[in-house]
Amino acid sequence: MTTQLIIMGAGGRMGQTIARLAKEDPAYQLAALVDRPDCLDRLRGETCLVADSLDAVLPRCPGASIIDFTAPAVSLNTARTACRTGNPVVIGTTGLDDAQKAELAELARKTPLFWSSNMSVGVNVLLKILPELTRALGEKYDIEMMEVHHNRKKDAPSGTALSLGECLAEARGWKLSDVRCSARDGIIGERPKAQIGIQALRGGDVVGIHTVYFFGPGERIEVTHQAHSRDTFAQGALRAAAWMQGRTAGRLYGMQDIF
Ligand code: NAD
């Protein structure tokens, strides 16, 4: 079965990558591309529907899966709009605050919604194995993380770093918000035991690097994930969009549901 797609933020880095891969795969058909009025130039020459608002295309794309990699407020609006039409939505946007995440979870009770801070296979496998590694190493190992991204990224730490941090904290019986340290400067004293440091570097065109460090007595383990291209996230988003076809509302779905 072919999955019909509406891409929100189609002129952006992720939107363009998803559209390119969808065109190469007969399992997908681009129904519509949506971006802000000032970005529609980037979509000139496209043969499917092109518009500056979701409302303008939805009546002509019943049942199409919407993929949204834009900005937190925009993605929430996409989810609210989809509540009226029932189109499934796959959101990859990061940087949502707690209230926005709570609203997304609430909307997911009414309409089929999917959100993941990182749609690559590698990071989602890490989310499964890192808790096991944390428990096996035990409490003597200090956990720290470093993430590196391109210089146009808007949020920090990255959504992926926060997801990895949450799974590491949970494995220790902590809540990430209680133990996260993302800035060290001046006379800060000894490192508290109950702490996970997450530092962010920004520069150039780095797609995404996450390294988790387990510093122990006389040794350390480093686990690194490097995204070489956005294709890895885009393939995950396409897979999620197909998986969401025919799904019912109930709870917010994520990559762990697919694997
Ligand atoms: P980008 O700035 O290149 O693209 C965002 C696009 O959204 C732009 O084209 C912008 O014009 C468009 N947009 C903004 N407001 C809009 C609106 N009201 N209607 C329609 N389009 C609108 O950013 P990007 O690098 O593509 O990243 C987008 C988001 O995806 C970020 O939050 C980023 O962190 C996240 N991301 C997630 C993953 C993942 O696997 N989940 C991977 C990479 C990036």
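This report walks through a predicted model of a protein chain with its ligand, starting with the domains and ending with the contacts around the ligand.

## Two domains

Let's begin with the overall layout. The protein chain is divided into two parts: domain 1 covers 3-119 + 230-258, and domain 2 covers 121-227. The contact between them draws on twelve residues from domain 1 and 14 residues from domain 2.

## Where the ligand sits

Where does the ligand lie relative to domain 1 and domain 2? Both domains give residues to the shell around the ligand, so the ligand lies between them. In terms of the protein surface, the ligand sits in the largest pocket.

## The shell around the ligand

There are 24 residues around the ligand, and those that come nearest are Arg13, Met14, Asp35, Thr94 and Met119.

## Polar contacts and cover

Now for the individual contacts, taken one residue at a time. Asp35 places a polar side-chain atom 2.6 Å from an oxygen atom of the ligand. Met14 takes part through its backbone, where a polar atom is 2.8 Å from a ligand oxygen. Arg42 uses its side chain, with an N or O atom 3.3 Å from an oxygen atom of the ligand.

How much of the ligand's accessible area does the protein cover? On its own, the ligand has 860 Å² of accessible area, and the protein covers 84% of that.

Key. Residues numbered from 1 in each chain as written. Predicted model: local features only at pLDDT ≥ 70, side-chain atom pairs only at ≥ 80, totals over all residues. Heavy atoms only, no water. Near = heavy atom within 4 Å. Polar contact = N/O pair within 3.5 Å; in protein donor to acceptor, adjacent residues only side chain to side chain. Areas by Shrake-Rupley, 256 points an atom, 1.4 Å probe, with all protein chains shown as cover. 1 Å grid on protein atoms, 1.4 Å probe; cavity = no way out; pocket = protein on both sides within 12 Å on 5 of 7 lines; lining within 4 Å. Sits in = over half its atoms within 2 Å of the grid points. Domains from an automatic or database assignment. Contact = heavy atoms within 4.5 Å.
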